[in-house]
Amino acid sequence: MTELNYICDKKIRCDVFLSEKISNLSRTSIQKLIKEKFVFVNGKNIKPNVILDIGDEISVLIPEKKEIKLVAEEIDLDIVYEDDYIIIINKPRNMVVHPAVGNEEHTLVNALLNHCKLSMINSERPGIVHRLDKDTTGLIICAKDDETHLKLVDMFSKRDICKKYLAICNGSFSKESGFIDKPIGRDEKDRKKMSVKSKTGKEALTEYNILTSNLKYSLVDVTLHTGRTHQIRVHFSSLNHPIVGDDTYGNKNEKIKANGQMLHSYYLEFLHPITNEKLQFRVLPDEYFFSILYKTGLEFSEELLCKVKD
């Protein structure tokens, strides 16, 4: 059990105050701690909506994290490339990348553990160097040993790995191509979301090229130059061109009902971290992505991707 102590410096709701102080806990998680009587104000338990006064002493008890048991599961994998050092998977829709509390099974890591050895730099997320959201499909690189893992992390930080995505966005863009250069940080009103208005935002740079569009929708080629959480989704939402199917950052009045955001990691290019061989991979989206694309009235051909230089 970890104990955190604070002294209130303004008149504010207790759950809001604590969500500002404890960056790795959402407001919902803090409210749960309050309801479970792990939060004390001046030595007494309180309700989530209690208003603190200046000088109030707040104590928070945080239970030890539940240990996640990693279990190998026999799950089919779409393997795009594999050698002794790395494995590249075409991740399907509706698959979480790694186990977490409340979602400990049927993840990509569970499937990989059944297939091969993985790096253990992070024992809770073996092999995972970068992530894709649950409903984002496409290419993801995983490391089989610690040396390879560390080199891949360094390559990502130095932007030596080219990652491209396809996104179906709302609206018609005023420019055929451009850069979105807006820092991204934790949303100060909703800790589960990210925002370009955060006071603690970090550099985030997204490049885009419009492949085809009509008055209502656009198919966009996206290149990530940084790797912030939810970066593509947040950036396009900030331009009022949210990704179709995005329940978190999207258009609440979206006429096309999609099961998750229409975002696909279709292209990777990098030098192999061990052999230095140039590797290049391209995979098209799944049938569901195309079914939503055609509902927008847009058409696709692989020749469209030739509009964008690799």
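**Close-up 1. The sulfur of Cys 116 and its closest cysteine neighbour.** In this predicted model, the sulfur of Cys 116 lies 7.9 Å from the closest cysteine sulfur, that of Cys 142, which is too far for a bond; a disulfide is taken as a pair of cysteine sulfur atoms within 2.5 Å. Cys 116 is buried, with a relative accessible area of 14%, where buried means under 20% relative accessible area, exposed over 50% and partly exposed in between, for a 1.4 Å probe and protein chains only. The structure holds 0 disulfides. Cys 8, too, is in no disulfide, the nearest cysteine sulfur being that of Cys 14, 8.3 Å away, and Cys 8 is buried with a relative accessible area of 2%.

Residues are numbered from 1 along each chain as its sequence is written, and side-chain values use heavy atoms, with hydrogens and water left out. Because the model is predicted, local features need pLDDT of at least 70 and side-chain atom pairs count only at pLDDT 80 or more, whereas totals for chains, interfaces and linings use all residues.

**Close-up 2. The ring pair of Phe 173 and Phe 236.** Rings of Phe, Tyr and Trp (its six-membered ring) pair if their centres lie within 6.5 Å, and planes under 30 degrees apart count as stacked, over 60 as edge-to-face and the rest as tilted; by this rule there are 9 aromatic pairs. The rings of Phe 173 and Phe 236 have centres 6.0 Å apart and planes at 80°, so the pair is edge-to-face. This pair links distant parts of the chain, 63 residues apart, with Phe 173 in the loop between strand E10 (162–170) and strand E11 (177–181) and Phe 236 in helix H5 (residues 231–238); helices (H or I, at least four residues) and strands (E, at least two) are DSSP runs, numbered from the N terminus. Both Phe 173 and Phe 236 are buried.

**Close-up 3. An aromatic cluster that includes Phe 289 and Phe 290.** Phe 289 and Phe 290 form an edge-to-face pair, with 6.1 Å from centre to centre and 85° between the planes, and both of these residues are buried. Ring pairs link Phe 289, Phe 290, Tyr 294 and Phe 300 into a cluster.
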